[in-house]
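Student: I'm new to this one and would like to learn how to read it. Could you take me through it feature by feature?

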Amino acid sequence: MMSDLRLVLFDVDGTLVDSQGAIVGAMTAAFTALELPVPSREEILSIVGLSLPVAIAQLVPDLAPELQAGVVQGYKNAYKSAREAGGAAHSPLYPGAREVLDVLNAVPEYLLGVATGKSQRGLDELIKAHALTCFVTRQVADHHPSKPHPSMVMTAMAETGVAPAQTVMIGDTSYDIDMGRAAGVTTIAVDWGFHAAERLGADHVITSFAQLPPLLNKIWKG
């Protein structure tokens with residue numbers, strides 16, 4: 001029955017995959033190519049999760065729009081080149097990620113999905129590189145307002161027919177948690193990502209993927 005289904009939504013960068021090096025590298029290349037001062041690593045990682053044009057505008061708000069657009073394109077080019085050169089190693093899965101996806105995917109009532117600031121092409125390439133075929137709904141930046149707008153989560157629930165009470169959003173940034181909260185779903189923060197988990201105000205915090213299956217059982221018991 002449709003009412004038996006549970007929707008488990010994951011952010012990607014900083015939650016499922018460790019893309020810190022890839023993101024900082026591509027951003028550094030983009031700014032360097034335009035002979036602009038390169039933001040610090042901390043500044044770059046603080047905007048991960050936002051859609052790329054929004055992220056750049058927040059990172060360098062005083063930069064002329066045409067230069068912001070140049071940074072966006074430069075980032076895309078650099079990230080694509082590095083991804084093609086590095087394959088799956090370009091953005092490795094965090095420890096335990098594949099195992100927990102396999103465990104959750106084996107539960108008949110669970111539907112798995114992603115809500116990410118990545119582009120459609122970026123997500124498709126990542127899924128191909130890691131053979132992640134378990135996601136039945138895939139929400140990307142191309143088709144939605146940037147996080148923390150709830151559009152991605154609302155669309156994922158509409159596609160799967162799952163209600164907010166039976167949905168969780170798992171992420172590592174305030175953008176993920178605020179998005180989930182705005183959509184009325186239970187939020188779970190991971191403590192290994194780009195923002196300090198204790199500051200996110202999530203309903204739950206996990207320190208390893210091994211904690212996720214029992215936590216979901218607890219959330220949805222009865």
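Student: Let's begin with two helices, α5 and α9: at what angle do their axes cross?

Tutor: Two packed helices are described by the angle between their axes and the distance between the axes. Here the axes of α5 (residues 97-105) and α9 (residues 212-219) cross at roughly 35° and come within 10 Å. Axes are lines fitted to C-alpha atoms, for helices over the stretch in contact, and angles run from 0 to 180 degrees between N-to-C directions. Helices (H or I, at least four residues) and strands (E, at least two) are DSSP runs, numbered from the N terminus.

Student: Which residues of α5 and α9 make the contact?

Tutor: Val100, Val103 and Leu104 do it for α5, and Leu212, Pro213 and Leu216 for α9; contact means heavy atoms within 4.5 Å. By class that gives six nonpolar, no polar and no charged residues. For the classes, Ala, Val, Leu, Ile, Met, Phe, Trp, Tyr, Cys and Pro count as nonpolar, Asp, Glu, Lys and Arg as charged, and the others, Gly among them, as polar.

A word on the source: this is a predicted model, where local features need pLDDT of at least 70 and side-chain atom pairs count only at pLDDT 80 or more, while totals for chains, interfaces and linings use all residues. Residues are numbered from 1 along each chain as its sequence is written, and side-chain values use heavy atoms, with hydrogens and water left out.

Student: What is the strand order in the open sheet?

Tutor: The six strands run β3-β2-β1-β4-β5-β6, with parallel pairing. Two strands pair if DSSP finds at least two bridges between them. At the edges sit β3 (135-139) and β6 (204-206), each pairing on one side only. From one strand to the next, the twist averages 25°.

Student: How many bridges join β1 to β2?

Tutor: Five, and the two strands run parallel; Arg6 has Tyr110 of β2 as its bridge partner. β2 and β3 pair over four bridges, also in the parallel sense, with Val114 opposite Arg138 in β3. Further along, β5 (residues 186-190) and β6 share three bridges, and Val190 stands opposite Ile206 in β6.

Student: Are the faces of β2 covered or open?

Tutor: In a regular strand the side chains alternate between the two faces of the sheet. For β2, both faces are covered: Tyr110, Leu112 and Val114 are buried on one side, and Leu111, Gly113 and Ala115 on the other. Buried means under 20% relative accessible area, exposed over 50%, partly exposed in between (1.4 Å probe, protein chains only). Helix α5 lies across β1 (6-10), β2 (110-115) and β3, at about 140° to β2.

Student: Which residues touch the most other members of the largest nonpolar core?

Tutor: In soluble globular proteins, nonpolar side chains tend to be buried together. A nonpolar core is a set of buried Ala, Val, Leu, Ile, Met, Phe, Trp, Tyr and Cys residues joined through side-chain atoms within 4.5 Å. The largest one here has 32 residues, and Phe10 and Phe135 touch the most other members. Its largest share, four residues, comes from α5. Apart from it lies another core, of 25 residues, including Met27 and Leu45.

Student: Which residues of α3 are buried?

Tutor: An α-helix has 3.6 residues a turn, so residues three or four places apart point the same way. In α3 (residues 52-59), Leu52, Ala55, Ile56 and Leu59 are buried. They sit on the same side of α3 because they cover an arc of only 95° around the axis, an arc taken from the directions from the helix axis to the C-beta atoms. Their cover includes α1 (20-33), α2 (41-46) and α4 (65-86).
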